[in-house]
Each structure stands twice: as C-alpha cells, then as structure tokens.
Amino acid sequence: MLREELIAGLDAVGCRHDVNGLLTFGEQSSVLTRPAGVCAVFFPPRRGDHVSGPEQHCLGVLHKRDA
C-alpha cells in the first residue's frame, strides 16, 4: 500500500490523521490516526517494488499504540 492510498482512504471515511513526528525523518515517513492510535510507517520503494514513481512511499510497518 502506498502512503497516498492510505491517506486518501482515511480522508474518505473522515478519520483524522497527523504526521507522526517521532517516526518521520530522513526518507521515512509516518502517519498516526486519531483517536484510534494506529501508526503506519512508510519507506521509499526498494529495488523491484512496483510503484509509479520513486517519490512514493510504501507501507513498511503498521501497529496499534498501547493505551
């Protein structure tokens, strides 16, 4: 899944999301949903990943923060 696809899906259902500053650095980016606390971490495509452009980021990790 691409970062843009997740953000579009969250927007479509009205789920609030913010950039996760703790896990966004370098070429890595992260999104944190509110209030569910689900964190998605995205990385640049690896060699052999089929994406339409190198600027798109692929889902690497998805986890739920503990309450």
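Predicted model: local features only at pLDDT ≥ 70, side-chain atom pairs only at ≥ 80, totals over all residues.

User: Where is the confidence lowest and where is it highest?

Analyst: Strand β4 (residues 58-64) is lowest, with a mean of 88, and strand β1 (residues 16-19) is highest, at 94. For the protein chain the average pLDDT is 84, and 84% of the residues score at least 70.

User: OK, the core. Which residues make up the largest nonpolar one?

Analyst: Five of them: L6, L10, V31, A40 and F42. Helix α1 (3-12) and strand β3 (38-43) are the elements that each give two or more residues to this core.

User: And what does A40 touch, leaving out residues up to four places away in sequence?

Analyst: A40 contacts L6 and V31, plus S29, S30, L59, V61 and L62.

User: How much of the chain is buried overall?

Analyst: 30% of its 67 residues. The chain exposes about 4700 Å², with carbon and sulfur atoms supplying 59% of that.

User: Switching to cysteines. How many disulfides?

Analyst: The count is zero.

User: C39 and C15: buried or partly exposed?

Analyst: C39 has a relative accessibility of 1%, so C39 counts as buried. C15 comes out at 23%, so C15 is partly exposed; the cut-off for buried is under 20%.

User: Last one: what share of the contacts with a separation of 6 or more comes from residues 24 or more positions apart?

Analyst: That's 30% in the protein chain.

Notes. Residues numbered from 1 in each chain as written. Heavy atoms only, no water. Core = buried A, V, L, I, M, F, W, Y, C linked by side-chain atoms within 4.5 Å. Buried < 20%, exposed > 50% of the residue type's maximum accessible area, 1.4 Å probe, protein only. Helix = DSSP H or I, 4+ residues; strand = E, 2+ residues; numbered from the N terminus. Contact = heavy atoms within 4.5 Å. pLDDT = per-residue confidence, 0-100. Disulfide = S-S within 2.5 Å. Areas by Shrake-Rupley, 256 points an atom, 1.4 Å probe, with all protein chains shown as cover.
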